[in-house]
Amino acid sequence: MDTLPLVTPEQVGLSAARLDRVRTWMHQWVDSGKLAGMVTCVMRKGQLAFAEVYGKADVARDKPMRPDTIFRIYSMTKPLTSTAIMMLYEEGRFQLDDPISKFIPAFANTRVYVGGSRGKMETVPAEREINFRDLLTHTSGLTYGFMESTPVDAAYRAKDGVDFQTADTSLKQLVEKLATIPLIAQPGKAWNYSVATDVLGYLVEVISGQPFEKFLKERVIDPLGMVDTDFHVPKEKHDRFAANYSAGPLSSDGRGKLDLIDDPAKSRYLAPRKVNSGGGGLVSTASDYLRFCRFMLNKGELDGVRLLGRKTVELMTMNHLNGDMADMGTPRFSESTYTGIGFGLGFSVMIDPAKAYIAGTQGEFAWGGAASTAFWIDPKEDMAVVLLTQLMPSSTYPIRRELRVLTYQAIID
């Protein structure tokens, strides 16, 4: 698991007996049939204190979960895309309040949905243009088609709509199509989880002059030593790729049922794609994502390689919202609770653990993916946690909140 040796938890201020509760918890979830398998890692003070692998990566083929199992990380792609765009910010290529139409002219005259009936959308002009910070903080007025709560979402899902996960055209075509669909809120006024980070991926492409996936691999993934992180699983690694499931109905005795939704032997992830989603397209491993966490904990540097300056990382991991997510949004999505949690440039940010009803630390930052994966980084405790599994949607079971409690209760210094 990573290149870090496993140390005794007490060496880094954690209790081995208390951390063992994480192991018990993992076994309970898998043995109940509700999850196929899990990988959980806890790092503190630069050392790996806990790394547990349990269950199956592929139930039908009876493949055990392994330390190097490859997972679809979906929205845990977003922090890497945010890192890429902020590297270009550090080169002076743009300012956070610059309108994105400087680089994508199609966004120059956006309109905002305000109502309508009989399938007709009523719109008004945007009060101001979408800027870079709006995209990084999910306050751009963009949305996701799977939200299914407004006619705008429906326009994303239409036959000629936008789906960055399945499209087979180009990032340019998809983003320019997106610019023709009304926003669901005025830019900067509301927090709405969205395809904004996919647009950032395209901006990386436009500003750098390189294909997005090439820039991300050459400038972020490879320098960080994330050897198994990519937009597809190459042939020589196919046997390490996990199956992805959704939850079927529980049996009368409470046991879980897993329905296969992406067979690792037939998955679209097995070959490169024309459209690479900066919002959710990567696959990765626990050890790779731990390297990203170490990079962020080290304020932009890992193993002598610096990709971001300390002040940039500090800017990215402070709350940029006017209040918390509950003040600025309607809770429609499960990658985070909303009360007591703000949002920075690519990460959720803890403002108040008491308001969030959860053990934690002011200033910790985090995110998760649609298949129930999660990570969080706590600079004050010098701690990072990575959880990888494959169950959609992430709202199925409260495993993230449970793991937070189980890891924080193990701190004893």
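1. A quick definition to start: accessible areas here come from the Shrake-Rupley method with a 1.4 Å probe. On that basis, the accessible surface of the protein is about 16100 Å², and carbon and sulfur atoms account for 51% of that surface. Keep in mind as you read on that this is a predicted model.

2. Now the overall build. You'll find 11 helices and 17 strands in the protein. Taken along the principal axes, the box filled by the C-alpha atoms is roughly 60 × 50 × 45 Å.

3. Next, the inside. Of the 413 residues, 58% count as buried. Have a look at the contacts too: take those between residues at least 6 apart in sequence, and 68% of them join residues at least 24 apart.

4. On to charge. How many positive and negative side chains does the protein have? There are 48 positive and 49 negative ones, and the centres of the two sets lie 2 Å apart.

5. Aromatic rings deserve a point of their own. Searching the whole structure turns up 19 aromatic pairs. Take Trp29 and Tyr397: their ring centres are 4.9 Å apart and their planes meet at 45°, so this pair counts as tilted. Trp29 sits in helix α1 (residues 16-31), while Tyr397 is in the loop between β17 (391-392) and α11 (399-408), so the pair ties together parts that are 368 residues apart in sequence. Both Trp29 and Tyr397 are buried.

6. Which residues do ring pairs link together? The members are Tyr144, Phe146, Trp191, Tyr193, Tyr338, Phe343 and Trp367.

7. Last, zoom in on Ser101. You'll spot Ser101 in the loop between α2 (78-90) and β5 (111-115). Is Ser101 buried or exposed? Its relative accessible area is 14%, and buried means under 20%, so Ser101 is buried.

8. What does Ser101 touch? Once you set aside its neighbours within four places in sequence, Ser101 is in contact with Phe107, Ala108 and Glu129. Glu129 is 28 residues away from Ser101 along the chain, and the C-alpha atoms of these two residues are separated by 7.7 Å.

Notes:
Residues are numbered from 1 along each chain as its sequence is written. This is a predicted model: local features need pLDDT of at least 70, side-chain atom pairs count only at pLDDT 80 or more; totals for chains, interfaces and linings use all residues. Side-chain values use heavy atoms; hydrogens and water are left out. Helices (H or I, at least four residues) and strands (E, at least two) are DSSP runs, numbered from the N terminus. Buried means under 20% relative accessible area, exposed over 50%, partly exposed in between (1.4 Å probe, protein chains only). Contact means heavy atoms within 4.5 Å. Lys and Arg count as positive and Asp and Glu as negative; His and the chain ends are not counted. The place of a charge is taken as NZ of Lys, CZ of Arg, CG of Asp or CD of Glu. Rings of Phe, Tyr and Trp (its six-membered ring) pair if their centres lie within 6.5 Å; planes under 30 degrees apart count as stacked, over 60 as edge-to-face and the rest as tilted.
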